[in-house]
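User: Please go through this structure with me, one point at a time. I will ask and you answer.

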Amino acid sequence: MSAPHDPVSTVASQNLSLDQLTALLEQIFLRHGTSGDVARVLAQNCAGAERDGAHSHGVFRIPGYVSTLQSGWVNGQAVPVVEDVASGFVRVDAGNGFAQPALAAARPLLVEKARSAGIAVLAIRNSHHFAALWPDVEPFAYEGLVALSVVNSMTCVVPHGADRPLFGTNPIAFAAPRADGDPIVFDLATSAIAHGDVQIAARKGERLPPGMGVDSLGQPTQDPKAILEGGALLPFGGHKGSALSMMVELLAAALTGGNFSFEFDWKSHPGAKTPWTGQLLIVIDPSKAAGQGFAERSQELVRQMHGVGLKRLPGDRRHNQRARSQAEGIALEASELAKLRELAGL
Ligand SMILES: NC(=O)C1=CN([C@@H]2O[C@H](COP(=O)(O)OP(=O)(O)OC[C@H]3O[C@@H](n4cnc5c(N)ncnc54)[C@H](OP(=O)(O)O)[C@@H]3O)[C@@H](O)[C@H]2O)C=CC1
Ligand SMILES: O=C(O)C1=NCCCC1
């Protein structure tokens with residue numbers, strides 16, 4: 001591991017390769033009771049998020065993973081049970097384990113079904129998702145498939161027109177191949193801001209932009225601590241984001257057999273940090289569609305978007321950061337790296 005000094009800020013940082021960071025995180029997961037399979041999948045996911053500059057769901061989340069594992073809230077040894085239920089439908093019971101190993105276990109069958117039927121659904125229940133959602137969909141697009149996924153989280157968002165929280169931050173991620181470039185990918189919370197970004201702002205002592213959340217009295221606030229301590233978030237885009245959040249609850253929980261965001265009680269389980277919910281994926285094989293090749297059509301859309309002055313597509317920032325991380329390594333603050341090494345028992 002090299003140990004350069006960040007020339008811009010006064011914070012010392014160290015740069016790790018993706019393999020080095022993945023190995024370190026894998027060691028942490030193993031040390032805190034996960035199986036080898038679970039450790040590998042979670043470490044790759046989390047290191048990939050950090051590499052792409054998705055900081056709210058990168059190594060920032062590791063203490064939360066450790067806490068939730070130590071508390072016994074989640075089963076780090078769970079073996080997902082995959083059920084082949086219909087020509088276009090796969091179900092997985094994640095066994096109170098993490099969602100990503102459940103997806104990994106079901107993935108070959110899901111892809112086989114999507115390619116033969118043109119479309120396939122994966123319904124994951126009894127699962128914990130503590131990560132960014134784009135890593136779950138992006139790989140499908142690199143294989144020429146279109147993928148959409150939703151996952152619900154924990155009650156902290158006030159539905160539009162209501163006065164108390166009910167929904168989770170409920171992200172939606174979408175990935176589609178294009179002919180000439182990285183896939184088109186977006187991944188967004190249906191809350192005005194992700195819960196992780198509120199935690200990061202609180203930690204840094206920063207105020208939030210207006211319109212993100214309310215305090216414990218339901219009054220608008222820009223103080224992240226007031227949102228975290230008895231307050232709540234708002235959906236993005238008023239009634240529109242609220243409707244999407246409701247849809248996520250229906251697809252990720254009602255359709256999968258998982259918990260709604262309001263249905264699990266982690267307050268009586270000290271140390272629990274991970275929402276115990278469900279996840280839905282829809283995978284489409286665009287080669288079954290009519291007309292010109294899908295990837296060429298999506299490339300044409302991108303060309304037209306650039307033609308009207310668009311500079312940044314969703315995913316561009318991540319891919320630029322990925323290229324930087326590949327060239328220079330993944331920069332971690334020295335104190336952050338020291339904490340990870342301690343958790344790994346080094
Ligand atoms: N597991 C869970 O339960 C939850 C996870 N999350 C995760 O939190 C993460 C952050 O979510 P959120 O804060 O909503 O994400 P952002 O608002 O930062 O970004 C949402 C999407 O919009 C794109 N984007 C952002 N700004 C621009 C711009 N100016 N022009 C064009 N595109 C833009 C991003 O691309 P780019 O990435 O390239 O910036 C991204 O695809 C997500 O990964 C989400 O999955 C959130 C809630 C719950
Ligand atoms: O940032 C969020 O919002 C969440 N991320 C991980 C799971 C809980 C909600």
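User: Which residues come nearest to ligand 1?

Analyst: This is a predicted model, in which local features need pLDDT of at least 70, side-chain atom pairs count only at pLDDT 80 or more, and totals for chains, interfaces and linings use all residues. Residues are numbered from 1 along each chain as its sequence is written, chains are lettered from A and ligands numbered from 1 in the order in which they are written, and side-chain values use heavy atoms, with hydrogens and water left out. Around ligand 1 there are 21 residues, a residue being near a molecule if one of its heavy atoms lies within 4 Å of it. Those that come nearest are Ala131, Asp187, Ala189, Gly315 and Arg317.

User: Which backbone N or O atom lies 2.9 Å from an oxygen atom of ligand 1?

Analyst: A polar contact is a pair of N or O atoms within 3.5 Å. A polar side-chain atom of His57 is 3.3 Å from an oxygen atom of ligand 1, and a polar backbone atom of Arg318 is 3.4 Å from an oxygen atom of this ligand. The backbone atom at 2.9 Å belongs to Gly315.

User: How much of the accessible area of ligand 1 does the protein cover?

Analyst: Accessible areas come from the Shrake-Rupley method with a 1.4 Å probe. On its own, ligand 1 has 920 Å². The protein covers 74%.

User: Which residues are around ligand 2, and what is their make-up by class?

Analyst: The shell consists of His57, Arg61, His129, Phe130, Ser153, Met154, Thr169, Ala194, His195, Gly196 and Pro275. Ala, Val, Leu, Ile, Met, Phe, Trp, Tyr, Cys and Pro count as nonpolar, Asp, Glu, Lys and Arg as charged, and the others, Gly among them, as polar. By class, the shell has four nonpolar, six polar and one charged residues.

User: What is the radius of gyration of the protein chain?

Analyst: The radius is taken over C-alpha atoms, and the globule rule is 2.2 Å times the number of residues to the power 0.38. For 346 residues, a compact globule would have a radius near 20 Å. The protein chain agrees with this, at 20 Å.

Note on methods. A polar contact is a pair of N or O atoms within 3.5 Å; within protein, one must be able to donate a hydrogen and the other to accept it, and residues adjacent in sequence count only if both atoms are side-chain atoms.
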